[in-house]
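This report goes through selected local features of one protein chain. Please look over the sequence and the structure before reading on.

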Amino acid sequence: MELSLSPSSIRISAISTHRTTPCRSIRLPINHTCISSHSSLKCSKNYSLADLCSLRSCSRTGPKSHHKRLSIWASSQSGAAGSDSVLNKVSEFKNAFWRFLRPHTIRGTALGSTSLVARALIENPNLIRWSLLFKAFSGLLALICGNGYIVGINQIYDIGIDKVNKPYLPIAAGDLSVQAAWFLVLLFAVTGLLTVGVNFGPFITSLYCLGLFLGTIYSVPPFRMKRFPVVAFLIIATVRGFLLNFGVYYATRAALGLTFEWSFPVAFITTFVTMFALVIAITKDLPDVEGDRKFQISTLATKLGVRNISFLGSGLLLLNYVGALLAAIFIPQAFRRSLMIPAHTILALSLIFQAWLLEKSNYTKEAISGFYRFIWNLFYAEYIMFPFL
């Protein structure tokens, strides 16, 4: 093969293996479009050397073979584009699905259940066995499904509000259809109920159903209890505080072959996070004041103002931390003072500092959102510490 370059063209000469004389050369312009004498198909300088060599069939084998080769090349390019399109759609759905689950709530549920299971096992190390691992994972799956159902049903009925308050959520953003959202929440509910019913018996199943029921009436008309601040706070505190902690600890002890029995640490964490869930219920409306006012949804934040609610939430959390310090001082046999006292002191001081920053920022929307995220981080921190307290 001979390849020669000129300022305006590429010249290729090839020796056929079936002939003793060279095929005639093909001269293809670099900066101009060449048109086959047998078709209107255009080619550009972006062809590879192999593509250029294959084009000599224009002069040797005729238009039929030329069209066939170019059709194969075009089909392969179309197939690659189709594959990329499918991968992009899968990636987009995964992203929308993850946002639909509200990751910060998933982390709270996963950390809470893991922490309580770990505490029950630490209290009864002689009863640990590998067969419990499957039951623990099935319980976590059921809790995540329940969480997904509750936050999903809320998004379905809050589309208009979310377009103002949380435009990044997948339904409000148009990244997930309402039909797909309904399919997901029903799948979560059925999967969760079946998992709990098969693995944990009627009592835990009834608690799980109670949680789903409360999550439903919180969002779904005609109940829509989120319209009534006190009722809304009690529902969130009950589901995320009492039901989660009591249910997981009860199920873990039952799996270990033990009857339910409150211990000081478990009573402490249940009380602590129930109060914490109440604070989350109060402060979650802080970033949503604009949309709530637009849709005439009555919350404490719209009634009392952002500044007053942030002070109320911070004050309740500080009482929580004071209670933790008093528990460590007056019930030393139940807790590790060396961890519980300094850890809760540091978290309380961090909360005061964040409240000061919020005040200094004059309660901008970005500062309010940051303050709310910080409260969730405090929530996570308590569960992370709990097995070691």
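The model is predicted. Helix α8 covers residues 178-219, and Val178 lies in this helix. With a relative accessibility of 31%, Val178 is classed as partly exposed, because that class runs between 20% and 50%.

Phe203 is another residue of helix α8. Its relative accessibility is 38%, so Phe203 is partly exposed. Between Phe203 and Gly247 there are 44 residues of sequence separation, while their C-alpha atoms are 9.2 Å apart in space.

## The loop between α8 and α9

The loop between α8 and α9 contains Pro222. The peptide bond joining Pro221 and Pro222 is cis, with omega at about 5 degrees.

## Packing of α9 and α15

Two packed helices are described by the angle between their axes and the distance between the axes. Helix α9 spans residues 229-255 and helix α15 spans residues 365-385. The two pack at an angle of about 15 degrees, and their axes are 15 Å apart. Angles under 35 degrees count as roughly parallel, and α9 and α15 are therefore roughly parallel to each other. Their crossing is right-handed.

Leu357 is located in helix α14, which comprises residues 337-360. Leu357 has 32% relative accessibility and is therefore partly exposed. In sequence, Leu357 and Phe371 are 14 residues apart; from C-alpha to C-alpha the distance is 8.8 Å.

The loop between α14 and α15 holds Tyr363. Tyr363 is not a glycine, yet its phi is positive, at about 60 degrees. The relative accessibility of Tyr363 is 15%, and Tyr363 is therefore buried, because the buried class lies under 20%.

## A positive phi at Arg102

Where is Arg102 placed? Arg102 sits in the loop between α3, residues 63-100, and α4, residues 103-123. Phi of Arg102 is near 55 degrees, which is a positive value in a residue other than glycine.

Is Arg102 buried or exposed? Its relative accessible area is 15%, so Arg102 is buried.

Methods. Residues numbered from 1 in each chain as written. Predicted model: local features only at pLDDT ≥ 70, side-chain atom pairs only at ≥ 80, totals over all residues. Heavy atoms only, no water. Helix = DSSP H or I, 4+ residues; strand = E, 2+ residues; numbered from the N terminus. Buried < 20%, exposed > 50% of the residue type's maximum accessible area, 1.4 Å probe, protein only. Axes fitted to C-alpha atoms, helices over the stretch in contact; angles between N-to-C directions. Parallel < 35°, antiparallel > 145°, perpendicular 65-115°, else oblique. Left-handed = near helix turned anticlockwise from the far one by under 90°.
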